[in-house]
Structure formats: structure tokens, C-alpha cells
Amino acid sequence: MSEFVTVAKVGAIPEGEGATFTVGDRLVAVFLSDGKYHAIDDLCPHMGASLGEGHVEDGVVSCPWHAWRFRVSDGTWCDNPKLGVDCFEVRIEGDEIQVRVPPPAESADESEDASSDEASG
Ligand code: FES
């Protein structure tokens, strides 16, 4: 089970901008848009630019390389809403911005606790 991880202090990300943080084994882009923090996958699915370096306007970040646009609230690709990047939960705890990234394997595969005891006698 994953937990919320502190990535920055409130105020560290200016309005309309983003920043990139490592959370677990993911790169997460956190944005401040209209006074609210949002977190999506940092990796642009086009050619891998860092979306955290993009500019945010009207809740949409433009990729710094070729200007593909993604909604920061849910990662939707504005040019094809069927596609998008992952988005993550964000919360404010005191003066800290915290992000929760689910574990890589989301399969509900429940492994049985098989204990083998070899007793002879
Ligand atoms: S790498 Fe993001 S639009 Fe090309």
C-alpha cells in the first residue's frame, strides 16, 4: 500500500507553473493552477519531455517541447480526451504538498500464504 509523500512546501510552486519530483519510482509533475495543486505523470507520452517544465493556463499544461496539452486535474490529453497520462492524489498537510503514487502492479492478485513445514517423526 502506498502512502502520501511530501514533495515540497506550500508556496514552492508558483501559480501557473509546475515542478517535477521523484515519488517512489515515478517522476511526478505537480502544478499550481487556480490556487489548487494537481499531480500527473511527468513524462510526456509523445517524446518524453518533462511536463513539469510546461506552462499552465486555464488548468491545461502545454508540453515544453511540442506543445501537446494535458489537463492537470486528471491528465487528459486535450487533443484526444480518450487518452492521457496518469494522475495522482495530492493533499496539503500543514505547509507540505503531498502526493500519493499507487504501487506499480495494480493487479488484485492475492497470493496465498503457503507455509511448508517438514516434520518427520
Ligand atoms: S514531447 Fe511532449 S509534445 Fe512532444
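**Briefing: an all-strand protein chain**

Strands β2 and β3 run antiparallel and are joined by 6 bridges. They belong to a predicted model of a protein chain whose secondary structure amounts to 9 strands and 0 helices. The points below begin with this strand pair and then turn to the sheet and the chain.

**The β2–β3 hairpin**
- Across this pairing, Ala19 is found opposite Val30 in β3.
- The hairpin of β2 and β3 has 2 residues between the strands.
- In this hairpin, Gly24 adopts a positive phi near 65 degrees.

**The β3–β4 pairing**
- Strand β3 covers residues 26-33 and strand β4 covers residues 36-41.
- These two strands are antiparallel, with 6 bridges between them.
- Ala29 has Ile40 in β4 as its bridge partner.

**The sheet**
- An open sheet is built from 6 strands in the order β1-β9-β8-β4-β3-β2, and the pairing is antiparallel.
- At the edges of this sheet stand β1 (4-9) and β2 (18-23), each of which pairs on one side only.
- On average, neighbouring strands of the sheet are turned by 30 degrees against each other, direction ignored.
- In general, the strands of a sheet pair through backbone hydrogen bonds, in either a parallel or an antiparallel manner.

**The chain as a whole**
- Along the sequence, the protein chain shows the pattern β-β-β-β-β-β-β-β-β.
- The protein chain has 121 residues, of which 27% count as buried.
- Among contacts in the protein chain with a separation of 6 or more, 42% are between residues 24 or more positions apart.

Notes. Residues are numbered from 1 along each chain as its sequence is written. This is a predicted model: local features need pLDDT of at least 70, side-chain atom pairs count only at pLDDT 80 or more; totals for chains, interfaces and linings use all residues. Helices (H or I, at least four residues) and strands (E, at least two) are DSSP runs, numbered from the N terminus. A residue is buried if 20 or more other C-beta atoms lie within 10 Å of its own, exposed if 12 or fewer, and partly exposed in between; C-beta atoms are placed from the backbone. Two residues are in contact if their C-beta atoms, placed from the backbone, lie within 7 Å. Two strands pair if DSSP finds at least two bridges between them. Axes are lines fitted to C-alpha atoms, for helices over the stretch in contact, and angles run from 0 to 180 degrees between N-to-C directions.
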